[in-house]
Amino acid sequence: MTTTLPAYDEVVARFEPVIGLETHVELGTNTKMFCGCPTDFGGEPNTRVCPVCLGLPGSLPVANKAAIEAIIRIGLALNCSIAEWCRFARKNYFYPDMPKNFQISQYDEPICVDGYLDVEVGGETVRIEIERVHLEEDTGKTLHVGGATGRIHGATESLVDYNRAGIPLVEIVTKPITGTGALAPDVAKAYVAELRDVIRTLGVSDVRMEEGSLRCDVNTSLNLPGAEWGTRTETKNVNSLRSVERAVRSEMLRQASVLDAGGRITQETRHFHEDTGDTTPGRSKETATDYRYFPEPDLVPIAPDPAWVAELKAALPELPRVHRRRLQQQWGLSDLDMQSVLNAGAVELIEATVAAGTTPAAARKWWLGELSRRANESGVELAEIGATPAQVAELQGLVDAGKLNDKMARTVLEGVVDGEGSPTEIMTNRGLEVVSDTGALTAAVDEAIAANPGIADKIRSGKVAAVGALVGAVMKTTRGQADAKTLRELILERLGVQG
């Protein structure tokens, strides 16, 4: 039976959303968290494993110092307090991709606590409070085959790859985020985007959501104004910024529909479906007691030297918000214009395009204009549209050199996005270069003058503005490849009129 969902505006008018985000970041260390196995993405299944990450009897873990340094730097960038003493714990649960049947993680003594991250949404600054940042090992990966959905239901067999098991994994948990109202989905997306930028700036992870090195679990609940918070659901492993926004919005609509029908929300995990934007039930959500946490007996506690922590803090790079503020001044943008750049996810793209040799205004024009339109129509992130900053700078260089006009440049850009090659190659292959040779244009100009004697007479009588009609006529016969400025000058010259 198909359920009719309420309108979003109606939902936010009657309910208050509460969201929370649990973000997992695979660190870019050379080796795994507790052993010396490599961490490169890909590779033949089960070839990057050893007795430690497979949990074989007699093997003992040793903590990766580079991973500990990385999480401290993340915590400092998120304004967290760094624990002077903490330890690892065993989190017990069974999945086929858990070779030890427990995960080495942190429980009540995380290494980073009580931080925050400010994000810009709707022209306002929203402070997202961070409850904890802790370190653990990643699990392996299960592949369900033989079914239509790629999930276990309907599959004929399941395959397990332990290459990912043991890779250092940082979990960043927000406190409940309230008071965002209709902006809740946008706040969730902005937070993950800002967090991704912070971590990328630190250089501790490539944060590629498409490869799973940045994954987000989205918690959502609804309550009536003034009432207690509702029961939350946890949408697991959402793997793009757009999907984070869609997952929150989808759950708000679904939960409102259930509550309106007199039903109750079940505390459970849910799966997000990229194709439909819907969520479906996963499993009942465990509580902390279900995991039977206890201290990891094979690892010593961590006690970061305060002097070392102070050195790491002093060496932090310029963080994204400060960097954007500096770029905004350099580019001469208003707060509203900079917000548009940020909303489009174009800050780094524009910066790289400027570095490749064009002006901020030209770079912003292409990324926020034609390329953003294409990205929106295709439902992909702007960075994934198929054009690089170097190609956009090359395209603008052809325009600046008078080899392409604006219309032709848009045609060339379509070819770039479609993978036809560089702007110069596409321009040459399609024969799109602007014709500015007066000798080649003279015949076309004379034909246009002869075909439009009335307009020619107006121009001769002093109505120079009428030259635009003749420019348009020549443009039509040259398929838009004539240089408009050269055409205007040539037409006036042939008519004996001073420009």
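Start with the sheet. It is open, has nine strands and mixed pairing, and its order is S2-S5-S6-S9-S1-S10-S11-S12-S13. Strands here are DSSP E runs of at least two residues, helices are H or I runs of at least four, and both are numbered from the N terminus. Two strands pair if DSSP finds at least two bridges between them.

Now the helices on that sheet. Helix H3 (residues 184-202) packs on it and touches S1, strand S5 (112-121), S6, S9 and strand S10 (214-223). The direction of H3 makes about 115 degrees with that of S5. Helix H4 (residues 241-260) packs on the sheet too, touching S1, S10, strand S11 (233-238), strand S12 (268-272) and S13. Its direction makes about 30 degrees with that of S10. Contact means heavy atoms within 4.5 Å. Axes are lines fitted to C-alpha atoms, for helices over the stretch in contact, and angles run from 0 to 180 degrees between N-to-C directions.

A word on the source. This is a predicted model: local features need pLDDT of at least 70, side-chain atom pairs count only at pLDDT 80 or more, and totals for chains, interfaces and linings use all residues. Residues are numbered from 1 along each chain as its sequence is written, and side-chain values use heavy atoms, with hydrogens and water left out.

Next, S9. Why is strand S9 (residues 168-174) largely enclosed by the rest of the structure? Seven of its seven residues are buried, so the structure encloses most of it. Buried means under 20% relative accessible area, exposed over 50%, partly exposed in between, with a 1.4 Å probe and protein chains only. Pro168, Val170, Ile172 and Thr174 are buried on one side, and Leu169, Glu171 and Val173 on the other.

Glu22 stands opposite Val173. Strand S6 (residues 124-137) also runs antiparallel to S9, joined by seven bridges. There, Arg132 has Val173 as its bridge partner, and Val133 has Ile172.

Last, cysteines. A disulfide is a pair of cysteine sulfur atoms within 2.5 Å, and the count is zero. The Cys35 sulfur has its closest cysteine sulfur in Cys50, at 3.7 Å, too far for a bond. For Cys37 the closest is also in Cys50, at 3.5 Å, again too far. Cys35 is buried at 14% relative accessibility, and Cys37 is buried at 7%.
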